[in-house]
Amino acid sequence: MEKRRVKHWACTAFTLIFFSTGGLHAQIYPSRPINWIVPFPPGGTTDVVARVIADQLGKELGQPITVDNRAGAGGSIGTLALKRATPDGYTIGMATVSTHAVNPACNPKLGYDPAQDFRPVAALATTANVLTVSNTFPATTYPEFLAELKAHPQKYSYASTGHCGGMHMMGELYKVAAGVSMVHVPYRGAGPAINDLIGGQVPIMFDNLPSSIGHISGGNIRAIAVAAPTRIASMPHTPTFQELGLPSVNDAAWYGVMVPAKVPDAVVQRLNEAFAKVLSTSTIRQKLLTSGAEPARDSSAHFFGEIIQADLRRMRELVRQQGISLE
């Protein structure tokens, strides 16, 4: 009888060890805190979306979620850190059009492959983009703004959240579509750029709406146009680029979660289920809407993967057509 007990215990122990990398791991995951890399500085839209979700996500998973801002190089520094993380599900990362479409399109030597080095977990949200100006800029409407740029080629500069980032691409798309000239000034994220816009050090900015909306409503900067399917309810007098005859500038930004490529299927599924549940709660949805973000209509990993691949193809074509490079 004693030998049977020993044999049974040994088999059970083997089963626990064997399945710790697979099915059983998913049942006990997570058993410690999770680090959520946000590859942009605090205060930007990517950071805002992550922080709206993080606390409730931690409650859903039963472990604390630490938001880890690792800014630089248009989001590629934090994304490289995610690639190099242990593939156990305890390091997750935010992905944006900049990190997983624009940066790879601009820089073939980036150091990561958006398709091969990561696994999509969940789509989280989309946001409108916005063209804003400082309060000292001599225009309050889009016709006045366009006339000012046309009258003074190369006089004005515009800020973005980084060279070869999503908002840089939006600025270049706008220049081509509107037939104007501006000088690009890249920043290390939305927070520093907005501070200089408010201070008048840079007159124009292209940004994701959530990181700018508080400053717009507070009267610190002025909105000229938005990239959105329809006008924003809190900004009813601000036209969309579609209305202005500039449909190529009217694309929304997206945000989602990735993990290193070798994270087990069961862990990805557990994370996706947790994100889906959090995104379905009315409190989180309202917080995202208040911040200027629209909750994803489909949070599945498959849907998010398709979004990434479609935008990667589009950005590669844009970079080729416009001769944009990292240099």
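How many of the residues of strand E4 are buried? In this predicted model, 7 of the 10 residues of E4 are buried, so the strand is mostly covered, given that buried means under 20% relative accessible area.

Strands of a sheet pair through backbone hydrogen bonds, either parallel or antiparallel. Here, strand E3 (residues 91–96) and strand E10 (residues 253–260) run antiparallel and are joined by 4 bridges, with Met94 standing opposite Val257 in E10. Val257 in E10 is also the bridge partner of Ala122, and the antiparallel pairing of E4 with E10 extends over 8 bridges. Towards E11, E4 pairs in the antiparallel sense over 3 bridges, and Ala125 stands opposite Pro295 in E11.

A further open sheet has 5 strands in the order E7-E6-E8-E5-E9, again with mixed pairing. Strand E7 (183–186) and strand E9 (221–227) are its edge strands, each pairing on one side only. From one strand to the next, the twist averages 25°. Within this sheet, strand E6 (residues 157–160) pairs with strand E8 (residues 204–208) in the parallel sense over 2 bridges, and Ala159 has Met205 in E8 as its bridge partner. Helix H8 packs on the sheet and touches strand E5 (129–134), E6, E8 and E9, its direction making about 145° with that of E8. Helix H9 lies across E5, E8 and E9 and runs at about 120° to E8.

These helices also meet one another. Two packed helices are described by the angle between their axes and the distance between the axes. For H8 (residues 190–199) and H9 (residues 209–217), the angle is about 25° and the axes are 10 Å apart, which makes H8 roughly parallel to H9. H8 passes H9 in a right-handed crossing. Ala190, Ile194 and Ile198 in H8 meet Ser211, Ser212 and His215 in H9, so that the contact residues divide into 3 nonpolar, 3 polar and no charged.

The axes of helix H10 (residues 265–280) and helix H11 (residues 282–291) come within 5 Å and cross at roughly 75°, making H10 roughly perpendicular to H11. Val278, Leu279 and Ser280 of H10 make the contact with Ser282, Ile284, Arg285 and Leu288 of H11. These contact residues comprise 4 nonpolar, 2 polar and 1 charged. Ala266 also lies in H10 and is partly exposed, with a relative accessible area of 24%. The C-alpha atoms of Ala266 and Leu61 are separated by 14 Å, and the two residues are 205 residues apart along the chain.

Technical notes. Residues numbered from 1 in each chain as written. Predicted model: local features only at pLDDT ≥ 70, side-chain atom pairs only at ≥ 80, totals over all residues. Heavy atoms only, no water. Axes fitted to C-alpha atoms, helices over the stretch in contact; angles between N-to-C directions. Parallel < 35°, antiparallel > 145°, perpendicular 65-115°, else oblique. Left-handed = near helix turned anticlockwise from the far one by under 90°. Contact = heavy atoms within 4.5 Å. Pairing = 2+ DSSP bridges. Buried < 20%, exposed > 50% of the residue type's maximum accessible area, 1.4 Å probe, protein only.
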